[in-house]
Amino acid sequence: MLRRSGRRSKKAGEEEEEKPMENGVSPEQGATEAPPEVGKTGDGAPAAFSQPSPWVRPRLVFHTQLAHGSPTGKIEGFTNVKELYAKIAEVFDISPTEILFCTLNTHKVDMQKLLGGQIGLEDFIFAHVRGETKEVEVTKTEDALGLTITDNGAGYAFIKRIKDGSVMNCVQTVCVGDSIEAINDHSIVGCRHYDVAKMLRELPRAQPFTLRLVQPKRAFDMIGQRTKSSKCPGEGKVASGKETLRLRARGTASLEDVPSAWEKEAARRVDDLLESYMGIRDVELASTMVEVARECLSPAEFAKSLDSVLGEFAFPGEFVAEVWAAIRGAQGGRK
């Protein structure tokens, strides 16, 4: 992963000599202790400096609950989403495969609070686990079904948005937050969101098809909800603070400054383009593309760098050009 220039990055869990920290943040960033004055021994020779005891960075600890209701647990020591799910599963004595997705600071199925690639140091994590399985038969009367797909980074793709007036909007049993387990009895568990979106686009028109869905288990106050989750500029925001824990698909987690205003705007624009071109929304993917663009001076350099970092997506040239323009447009009004 390319490093971001001008941004402070520290690996989570790394040990270093520094002052004690509260809530994961040092009270005096960058400050060091002044060395003691040199004393004199009896024969006039300088005494050795007294060495301060090294401080070990406290581990980052996050609070978590199951979204449908549970006691509060504590998790730590994870470096990516799969490890995060494993830690949550261990606390509540369930299988990691039971977890469909997580939201931050709300137990509701709110796609604007979906856990993506960043967690604020004071964020509370709610895990949404498997509930009832349902099968629906749909006839594709239009080229677009009206679904926006995302995934949890651990093998499950699910519905993030249902477009008003679309084919799927007329199917009342299909809801935002439903995990897509199979299409026409073909399991898609383990497939990325862009693969699932492509499969849905390629379904023949005017022919019925079957979706096997798993809805998240819900608390009593959530029963009967059918959220459509429209797009929102604040989507993917984390709690206020100077740092967040950045989870990456490749590599280890790191502590980073909260993205600047222009970076948030650039990521939002790229996320909109991902939905427009590919039928997916992925704030972490959008943020990674913004990172890549930071280091590039031209569209050609950006396309080459993007292919080396995210080559598995095989982005078309037209899409890459629009992403470059969107990022540069946001950067033009940077703050």
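Modeller: A polar contact is a pair of N or O atoms within 3.5 Å, where, within protein, one must be able to donate a hydrogen and the other to accept it, and where residues adjacent in sequence count only if both atoms are side-chain atoms. The model is predicted, so local features need pLDDT of at least 70 and side-chain atom pairs count only at pLDDT 80 or more, whereas totals for chains, interfaces and linings use all residues. Residues are numbered from 1 along each chain as its sequence is written, and side-chain values use heavy atoms, with hydrogens and water left out.

Colleague: Which side chain does Gln-65 join in a polar contact?

Modeller: The side chain of Gln-65 is joined to that of Thr-72 at 2.7 Å. Gln-65 belongs to strand β2, residues 61-66, where strands (E, at least two residues) and helices (H or I, at least four) are DSSP runs numbered from the N terminus. With contact meaning heavy atoms within 4.5 Å, and leaving aside neighbours within four places in sequence, the partners of Gln-65 include Thr-72, Phe-92 and Phe-126.

Colleague: Is Phe-62 buried or exposed?

Modeller: Buried means under 20% relative accessible area, exposed over 50%, and partly exposed in between, with a 1.4 Å probe and protein chains only. Phe-62, which also sits in strand β2, has a relative accessible area of 2% and is therefore buried. For the protein chain of 335 residues, 45% count as buried.

Colleague: How many disulfides are there?

Modeller: A disulfide is a covalent bond between the sulfur atoms of two cysteines. By the rule of a pair of cysteine sulfur atoms within 2.5 Å, the count is 0. Cys-102 is buried because its relative accessible area is 1%, and Cys-175 is buried as well, at 9%.

Colleague: Where does Asn-184 lie, and what is its phi?

Modeller: Asn-184 lies in the loop between β9 (179-183) and β10 (186-187), and its phi is positive, about 50 degrees, although it is not a glycine. Asp-185, in the loop between β9 and β10, likewise is not a glycine and has a positive phi of about 65 degrees. Asn-184 is partly exposed, because its relative accessible area is 39%, whereas Asp-185 counts as exposed at 62%.

Colleague: At what angle do α3 and α6 pack?

Modeller: Two packed helices are described by the angle between their axes and the distance between the axes. Axes are lines fitted to C-alpha atoms, for helices over the stretch in contact, and angles run from 0 to 180 degrees between N-to-C directions. Angles under 35 degrees count as roughly parallel, over 145 as roughly antiparallel, 65 to 115 as roughly perpendicular and the rest as oblique. Helix α3 and helix α6 (residues 317-332) pack at about 155 degrees with axes 8 Å apart, and are therefore roughly antiparallel. The residues that meet include Trp-262 and Leu-273 in α3 and Phe-319 and Ile-327 in α6.

Colleague: How do α3 and α4 pack?

Modeller: Helix α3 (residues 261-278) and helix α4 (residues 283-294) pack at about 120 degrees, with axes 8 Å apart, and are therefore oblique to each other. Among the residues making this contact are Trp-262 and Val-270 of α3 and Leu-285 and Met-289 of α4.
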